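Me: I am new to this structure. Please show it to me, and then I will ask about its parts.

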Number of protein chains: 2
Amino acid sequence: MYELTIPFHEAEPLYQQIYEYIKVQMKEGRLPAGTKLPSTRKLAEHLGVSRSTTQLAYDQLVAEGYLESEPCRGYFTARLETLLRVEQKQKRREKQEGTEAPRYLVDFSLRGIDLEKFPYTLWRRLSRESLGDDNRGLFSAGESKGDMALRLAICDYLYGARGVNCEPGQLIVGAGNEYLLMLLHQLLGNQVIAMETPTYRQAFLTFERLGHQVIPIKMDGNGMEREALAASGAKIAYVMPSHQFPTGIVMPIRRRMELLSWAAEENGRYLIEDDYDSEFRYRGKPIPSLQSADTKGRVIYLGSFSRAVAPAIRVSYLMLPEPLLERYETTCSFYASTVSRIDQRILARFIDEGHYERHLNRMRGIYRAKHDALLAALSPLSDVFTVSGEHAGIHLLLHSKKGRTEQELVRAAKEAGVRIYGLSEFDIGNLGRDEGEGTVLLGYASLTRDEIEQGAALLAAALSV
Amino acid sequence: MYELTIPFHEAEPLYQQIYEYIKVQMKEGRLPAGTKLPSTRKLAEHLGVSRSTTQLAYDQLVAEGYLESEPCRGYFTARLETLLRVEQKQKRREKQEGTEAPRYLVDFSLRGIDLEKFPYTLWRRLSRESLGDDNRGLFSAGESKGDMALRLAICDYLYGARGVNCEPGQLIVGAGNEYLLMLLHQLLGNQVIAMETPTYRQAFLTFERLGHQVIPIKMDGNGMEREALAASGAKIAYVMPSHQFPTGIVMPIRRRMELLSWAAEENGRYLIEDDYDSEFRYRGKPIPSLQSADTKGRVIYLGSFSRAVAPAIRVSYLMLPEPLLERYETTCSFYASTVSRIDQRILARFIDEGHYERHLNRMRGIYRAKHDALLAALSPLSDVFTVSGEHAGIHLLLHSKKGRTEQELVRAAKEAGVRIYGLSEFDIGNLGRDEGEGTVLLGYASLTRDEIEQGAALLAAALSV
């Protein structure tokens, strides 16, 4: 059996290094075909790494044809012909796809958030303390809606920060927005749902997968059009009044009142308010929630900690008005909570002890600085683009003043090594859009200031014509 | 403002002590009506407890009418009349309900598990190490199906312990069985689903809430009847072949083959195998999974760590056969994983490093001892009951030989202070059952040996006539 001793370094994941090392050994002939490799367990012990690490490396090598796994016998290096076949296949594939996948110098991604300043040490401490000796109860099943302490903390926060009127009894904590929409689907039944277009595609896809008919509704500068909504026949409207994604439109109070009165006109009508990244606003007063203006119990409020804390913290919350709450109690309270009680405990303390507010304040400062840097760096483009969606959220929109299409803009940026996103990616349905006004989106949350400036400079050169 | 100084002790939760203290102060006249209490924040600071603790206490007091919460002003002790009204209401309610809610001396609950021997210290260590400095990546979004390391660990375990043939690519990790059934619903569409009756009600309710027509299928001593299944028109059958809940029936290989051939007869037919508490078997060889006998890709395998590890560990897994996997990849892979990456990491190490196997072995020993103790303690009843479902799982069934009905048995046990469960609680549909053969269920996982013996002795006295 071949002894593998691998000089680990810190720059790459360990499994990657094992994978690379074995590949190089094979290519250089030091591991001839048919050599039996140590088992994943033995290799893990030998290298002092976990077994899942060696398993991952072997798995990758098997998947690519370098190793062959024989049941009950172990892993063997593949024969030379196999190896050649694999490499030819790979080359053929690369040839077919033109070259390799494009590598961007700067990706103005809309998905990332800045995790550099996440309070890791604090989180570890809360986690350690929450798992203390006196908290064995955390391992038993908790309440269906989520632990009372967390629901109280969220209600407190929502009341103070967003003006949401909410009792902890109305709040359901769940593992992510999509899970909560699956739950809501069971309370609403197969209703027709109206959505703004463009919109947040995850929610759109979830409704579609659950069998809802989704009707796209055009927006004017104030958000979802009331007449179009009324004409749609939908009973439910999904809106983002405080900062619509991806347009950044803030729905003024008049339109809010119109939507609320639409909802009140008929029994069973509801507005789902997704209060998407309302935490980040850099100028002017905070925009209150739609729910805070709702006197008739027509707003279902949806919020999440994924953006404001971290994507891996899979905690979202759903605030139900009275009739739906009753339906939840009678038909859905048999579901156990989808969030681990340990995470609920950590998060409750994070909010209760003021860390969440401090974290939001810090992140607001960080994102504002990135926002300002991007706006400043884009100023050379002010003759050819107008900017919108600024002063809030974690992305901007650029609208061509020169009649260039979205596709042209995205392609020109790509040739300059910069990834930007076309607005039409977020369209639902086929309502269309003026071809002339090409609009692209630039997210900045996960980029450093240097990357933002480099990206903007490349864009300025590529798009200023 | 009234200063509260509370002499805390360790026996009760802090919020409970605050609640009790304030109630006693009020009853003894030291907090006259209309006294403004400190805010939850101030009281929390004063007592050195978290704000959620004081909030919980106040909330309870408001709910019971002792305190009144005035918006923007704070909390005030209620007027005497209010208090009297509250107490009268309480007394009236108690009077209406006969006496108080029955207090059982022993509850042979089917839900609990034994958490006494949970390896808390080890879990804390894994948790601490998983949150180490080099694991910041855990706070970013992970793979939709769950992290590869955890899926590899589960596949390894399932192959070794249950004979399940499974690639990590086929496995989806999710926050609990019900969530995974919601996902499966989206892959299967609105199919008619056949279920054994009696069955696991959580799964039945989930299918119903999602709009599936569920057809109950009778069982003979070998499990779901093939002819009844074929006649039902269902495309999907949900079964628990290794240890049916609640009957404890083990499906023999012949019936398994019949069901597999039923599934293979028509495209789109599938068997959902819920491998419910297959971990606990005290005699004979382990029963292999149905999936291990499936050569046509017709079995969807569902498992969970809630019973085998802890209810609060909300991790289940779904193994999809090829056609459904493809559908998942194209239609549902946009869903982010519902399990926090930190929990995934801890659990992967728990399995990988052999702790899971050791924990299962330990728990098997503990449950076997409880199982043996219960069987022995029930021997005085051997003239009036036959026992079934023994040698596996964490509950037993008692069948009356004297023609007593389930209701009679449950009532007689209740009068003796013992809670047992009627089999019909788990029936779905209206297929009925012979009135003569009253069957009751006794769970023993969460009881101590003393409680088991006390409960059995009380039952022996109450049911031996």
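Reply: A term first: buried means under 20% relative accessible area, exposed over 50%, and partly exposed in between, with a 1.4 Å probe and protein chains only. This is a predicted model, in which local features need pLDDT of at least 70, side-chain atom pairs count only at pLDDT 80 or more, and totals for chains, interfaces and linings use all residues. Residues are numbered from 1 along each chain as its sequence is written, chains are lettered from A and ligands numbered from 1 in the order in which they are written, and side-chain values use heavy atoms, with hydrogens and water left out.

Me: Which residues of helix α5 of chain B are buried?
Reply: Helices (H or I, at least four residues) and strands (E, at least two) are DSSP runs, numbered from the N terminus. Helix α5 of chain B spans residues 120-130. Its buried residues are B:Y120, B:L122, B:W123, B:R124, B:L126, B:S127 and B:S130.

Me: What covers the buried residues of α5(B)?
Reply: Contact means heavy atoms within 4.5 Å. The cover includes parts of both chains: α12 (341-352) and α13 (355-377) of chain B, together with α5 (120-130) and α12 (341-352) of chain A.

Me: Which residues touch the most other members of the largest nonpolar core?
Reply: A nonpolar core is a set of buried Ala, Val, Leu, Ile, Met, Phe, Trp, Tyr and Cys residues joined through side-chain atoms within 4.5 Å. The largest one has 142 residues, and helix α13 (residues 355-377) of chain A gives the most to it, with 7 residues. The residues asked for are A:W123, A:F139, B:W123 and B:F139.

Me: In what order do the strands of the open sheet in chain A lie?
Reply: Two strands pair if DSSP finds at least two bridges between them. The sheet has 7 strands with mixed pairing, and its edge strands, β4 (171-174) and β6 (214-217), each pair on one side only. The order is β4-β12-β11-β10-β9-β5-β6.
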